[in-house]
Amino acid sequence: MVDLLNIGRSGVIAYRNALSTVGENVANAQTEGFVRRKIVLSEAPTGISNLGERPGAFFSGVSPGIVERAWNEYRAGDVSTGLADAGRGEARLRWLSKAEEATGNGALGVGTQMGAVFNAGDALASDPASAVRRAAFLSAVDGTTEAMKTTARALSAVSDGIATETQANVAALNGDLKSLVAVNEQISRTSAGSSQRAQALDDRDRLIASISGRIGIDTRYDAVGRATVTVADAPGRVLASVTEAASVEAVVGATGAIALVTRSETGQTALPITSGTLSGLVDVSTTVADRRSALNTLAVDFAAALNDWQAAGVTDAGAPGDPILTGTDALSIARAPTATAAALAVASPPPAGATRGVANGNALALATVRTTSGLEQRWSGGVTGLAQAVTVARAESNAANARRDAAEAALDSGSGVDLDYEASELLRFQQAYSASAKIIQAARDTFQTILQLF
């Protein structure tokens, strides 16, 4: 009789736990990172009865059951890789597109404005005495310097945005690494097969997904499920162990180029990465820094070309031409205060024995400067190269996103919650619970009948 009551009681407890597990699955069906639980029920340990039967000769009921997660380590690894590749692709596409916008070659762009200067020089050569055409030439020069300044400021803003996003991602990464160490400790304190262990493992997987989206990682798990995370491109570099987390820092250079390092008591060490959002940000920061450097070089060369051309001619008063432009980079380039319409050296110097040179001789030479300097072609090539980089980045991002989505779908197919399946499990466990309750009822009725016999 006691055995019958124990059997019924064990069934009620076991199936109550099973119903609780199903309820947890249903409640978290839309929770990101939740892994479906299943309860594993087995026969309760068999003991030796007072009548001396052999062990296993009688049924002792159902064990309370252990909670298992429907999780696949290999599919989770594919998701981690997919998140890293997609993070890099999205970051590169986002900021390369902004850099392309900053260097746009529309009507007010650097390339168009430089072309306007040389076009105005051709017009001036056809009528060197025209005050209108001299003013138009200087206006085109002003337009070019303003275009360079505007582009330089826009590219600087892009660099600042990249740096800000990088610092935010580094802070989040360091927070996730520390949290993972704490979760590892929590996993150690929970019992195997418990709901608390399952929840801790869910937290672990969410943190690993967040980390892998920012930096490409490899993950190893010990026997109890604690994770050790290393850099995918440097397997020996541990970012988070079961007891300690590394400290990652972003170092922003004067040009806006960014490098990642890990900080320790002995100093800092470069962190090589080729995937993850931070990888994309580091990569595009270098691209934008190169474009800023190219613009500064172009500004200096443009100023030198015009100043050399001006110095080769003479003004209407016969004086050598003074510099038209001053400045050492795209932000500081500007028309010199002395560069007025009257001070333009459009005439060529007089040849030996003559008192006057050709009135438009130097103005005509500006066409040669346009050809030999290649300033417009250099800028056009940079703009085209950036546009091509955006196209490539978009294709890579789309492909990486597709791979990530496929990996997540594969993982979700095994670990996600199917409400139809959970509904069938709910009915099954409800019936089992009801049957166990009836066993208790039968035992009570039987015991009551026996008592009434006496």
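Is Ala389 buried, partly exposed or exposed, and what is its relative accessibility?

## Ala389

In this predicted model, Ala389 has a relative accessibility of 23% and therefore counts as partly exposed. The cut-off that matters here is 20%, under which a residue would be called buried, while one over 50% would be called exposed.

Ala389 belongs to helix α8, an element that covers residues 375-415.

## Overall form

The protein contains 9 helices and 10 strands. Its radius of gyration is 38 Å, whereas the globule rule gives 22 Å for 454 residues; the protein is therefore more spread out than a compact globule.

Taken along the principal axes, the box filled by the C-alpha atoms is roughly 150 × 50 × 30 Å.

## Burial and contacts

Of the 454 residues in the protein, 44% are buried. Contacts between residues at least 6 apart in sequence were also examined, and 69% of these join residues at least 24 apart.

## Surface and charge

Charged side chains comprise 38 positive and 46 negative ones. The centres of these two sets lie 2 Å apart.

How values were computed. Residues numbered from 1 in each chain as written. Predicted model: local features only at pLDDT ≥ 70, side-chain atom pairs only at ≥ 80, totals over all residues. Heavy atoms only, no water. Helix = DSSP H or I, 4+ residues; strand = E, 2+ residues; numbered from the N terminus. Buried < 20%, exposed > 50% of the residue type's maximum accessible area, 1.4 Å probe, protein only. Rg over C-alpha atoms; globule rule 2.2 N^0.38 Å. Contact = heavy atoms within 4.5 Å. Lys, Arg positive; Asp, Glu negative; His and termini not counted. Charge placed at Lys NZ, Arg CZ, Asp CG, Glu CD.
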